[in-house]
Structures are given as C-alpha cells and as structure tokens.
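Notebook open, structure loaded. I want to go through a few side chains and then the sheet.

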Amino acid sequence: MKHVRTKAVAICAVALSLSGCSWVSITEEAQNVRVVTASEASGCKKIGNVSAKTTDHVTIFARSDQKVQRELESLARNEATELGGDAIVPIGAPKEGRQSFDVYRCRLR
C-alpha cells in the first residue's frame, strides 16, 4: 500500500510541475512582433488574422492563465511573421486554450 501511495504522489508532482511549463519557442523573426492594443494599431495596415491553440490542462490540472496567454501570444507572433506582420492584436480573451489575433504591418519595409 505504501508503494502505491508513493507512486501516486510522484505522478501528481510531475503533473503539477508540467502544468506550469511552457512548450512554445518564439522564432528569431517573431521576436520583432509586438503584442499591441487595437488603438496602438490604428495607424497600421491590417494584413490578416491568425488563430492560436495550446493546452490549458495537463491531465486533470489547469495550467496558469498567464502561461497559457504567453504561449498563445508566442504562437500568434510566430504565425504573424509568415504573413509579413510586425504586430498582433488579441481578439477577445483566451477560451479553452484558443485565441484569435489580428495581424498588422506597422513599420515601413
């Protein structure tokens, strides 16, 4: 019985530690993409939109809202570079690990 309890505690510890991890790397190009408000993007050209999706739960444990938000922004920034964008504006709040973003080009090329 003691072995089963130790194993259960170990599994819970691993799951909790993973629930805070971020698995998304930002590309070198995306480091120049800013997350801005709609008013900050008012002088920019809208060139499209992207959707981002990440996991908001690990097993039965919810991940931190802040970590999920950062991952969604990183994914959107990575995608924005493929459209030639240099700024993104979140559309609404994240829901169930998903969020959409408008992509803008603000700097002259």
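Is Gln69 buried or exposed? I looked up its relative accessibility in this predicted model and got 19%. The cut-off for buried is under 20%, so Gln69 counts as buried.

Next I checked where Gln69 sits and what is around it. Gln69 belongs to helix H2, which covers residues 65-83. Ignoring neighbours within four places in sequence, I find Gln69 in contact with Pro94 and Gln99. With Gln99 there is also a polar contact between the two side chains, at 3.2 Å.

**Salt bridges**

How many salt bridges does the structure hold? I get 2.

I took Lys46 and Asp102 to begin with. Their closest N and O atoms are 3.2 Å apart, and the pair forms a salt bridge. Lys46 is in strand S2 (residues 45-53) and Asp102 is in strand S6 (residues 98-105), so this one links distant parts of the chain, 56 residues apart. On accessibility, Lys46 comes out at 46%, which makes it partly exposed. Asp102 is at 13%, and that counts as buried.

Then I went to Arg107 and Asp86. This salt bridge has its closest N and O atoms 3.7 Å apart. Again the pair links distant parts of the chain, here 21 residues apart. I located Arg107 in the segment after S6, and Asp86 in the loop between H2 and strand S5 (87-95). Arg107 is partly exposed with a relative accessible area of 41%, whereas Asp86 is buried at 5%.

**The sheet**

In what order do the strands of the open sheet run? I read S1-S5-S6-S2, which is 4 strands with mixed pairing. Strand S1 (34-35) and S2 are at the edges. Each has a single partner strand, so one side of each has no neighbour in the sheet.

I had a closer look at S1 and S5. They run parallel and are joined by 2 bridges. In this pairing I noted Arg34 standing opposite Ala87 in S5.

Last item: where does H2 go relative to the strands? H2 lies across S1, S2, S5 and S6. Against S2, I have H2 running at about 135 degrees.

Terms used:
Residues are numbered from 1 along each chain as its sequence is written. This is a predicted model: local features need pLDDT of at least 70, side-chain atom pairs count only at pLDDT 80 or more; totals for chains, interfaces and linings use all residues. Side-chain values use heavy atoms; hydrogens and water are left out. Buried means under 20% relative accessible area, exposed over 50%, partly exposed in between (1.4 Å probe, protein chains only). A polar contact is a pair of N or O atoms within 3.5 Å; within protein, one must be able to donate a hydrogen and the other to accept it, and residues adjacent in sequence count only if both atoms are side-chain atoms. Contact means heavy atoms within 4.5 Å. A salt bridge is a side-chain nitrogen of Lys or Arg within 4 Å of a carboxyl oxygen of Asp or Glu. Two strands pair if DSSP finds at least two bridges between them. Axes are lines fitted to C-alpha atoms, for helices over the stretch in contact, and angles run from 0 to 180 degrees between N-to-C directions.
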